[in-house]
Amino acid sequence: MSDANERLIAVTGATGTVGRHVVRQLSHPGVRCVALSRHHSSWLDELPNVSWRPLDFADHSTWSNALEGVQRAFVLSPLAPDMADVMRQFGLTMRRCGVSGAVRLSAMGVGHEHQTTLGEVHGEAEQVVLKKLHSHLSKDERTLKMFRREARIASRLVHPNIIKILDFV
């Protein structure tokens, strides 16, 4: 049984590559998490304190029901120019639904715009993730600008559950 004082944290894109890891990290006692995605995945049923609700950024009618009772949100969205207005509208909906705090990550991995590779720093016990834009996106100046801006902002974040940005070009 959940304590009424526990915050409900929503994770969008919860069944995707990044969202799946965030949901797994939040699935422990003391944290209530709602996984938001277009489709349910059976692995969600195995996690303690995790429920699922449908959310589709392309279908505004799913937004309010998905956010009911949510106090905090981890919002994953594709890094794409057409998502800026959608995210602005979703932010207004979050505010109307009572979400008091949100972190937005415009992940290059959301929507399959890049390739990621897990690696290790030579001689270190540290794992790293390498991101590489697909060649057609690396030629788009607007996408490059958004990618670099996100990397600059993310490089200032320091937390044990956030991957440290070592370098970006």
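**Helix α1**

I started with helix α1, residues 17-26, in this predicted model. I looked up which of its residues are buried, and found Gly19, Val22, Val23 and Leu26. Viewed down the axis of α1, these buried residues fall within an arc of 100°, so they line one face of the helix. I then turned to the other side of α1, where His21 and Gln25 are exposed.

What do the buried residues of α1 pack against? I found four strands: β1 (8-12), β2, β3 (50-54) and β4 (72-78).

**Ser37**

From there I went to one residue of β2. Strand β2 covers residues 32-37, and Ser37 lies in it. Is Ser37 buried or exposed? I read a relative accessible area of 5% for Ser37, and the cut-off for buried is under 20%, so Ser37 counts as buried.

I checked where its side chain points. The side chain of Ser37 reaches the backbone oxygen of His39 at 2.8 Å.

Next I listed the contacts of Ser37, leaving aside neighbours within four places in sequence. I noted Ala14 and Thr15. I also noted Trp52, Arg53, Pro54 and Leu55. Trp52, Arg53 and Pro54 carry numbers inside the range 50-54 of β3.

**Helix α3**

I took α3 next, residues 83-96, and checked its length. At 1.5 Å a residue, its 14 residues should span 20 Å. The end C-alpha atoms of α3 are 20 Å apart, which agrees.

Which residues of α3 are buried? I wrote down Met83, Val86, Met87, Phe90, Thr93 and Met94.

Gly98 comes after α3, and its phi is positive, near 90°.

**Whole chain**

Last, I stepped back to the chain as a whole. I counted five helices and seven strands in the protein chain. Along the sequence they follow the pattern β-α-β-β-α-β-α-β-β-β-α-α.

How much of the chain is buried? Buried residues make up 36% of the 169 residues.

I looked up the sequence separation of the contacts too. Of the contacts with a separation of 6 or more, 48% come from residues 24 or more positions apart.

The accessible surface of the protein chain comes to about 11,000 Å². Carbon and sulfur atoms account for 52% of that surface.

Definitions and conventions: Residues numbered from 1 in each chain as written. Predicted model: local features only at pLDDT ≥ 70, side-chain atom pairs only at ≥ 80, totals over all residues. Heavy atoms only, no water. Helix = DSSP H or I, 4+ residues; strand = E, 2+ residues; numbered from the N terminus. Expected span 1.5 Å × (residues − 1). Buried < 20%, exposed > 50% of the residue type's maximum accessible area, 1.4 Å probe, protein only. Polar contact = N/O pair within 3.5 Å; in protein donor to acceptor, adjacent residues only side chain to side chain. Contact = heavy atoms within 4.5 Å. Arc of directions from axis to C-beta. Areas by Shrake-Rupley, 256 points an atom, 1.4 Å probe, with all protein chains shown as cover.
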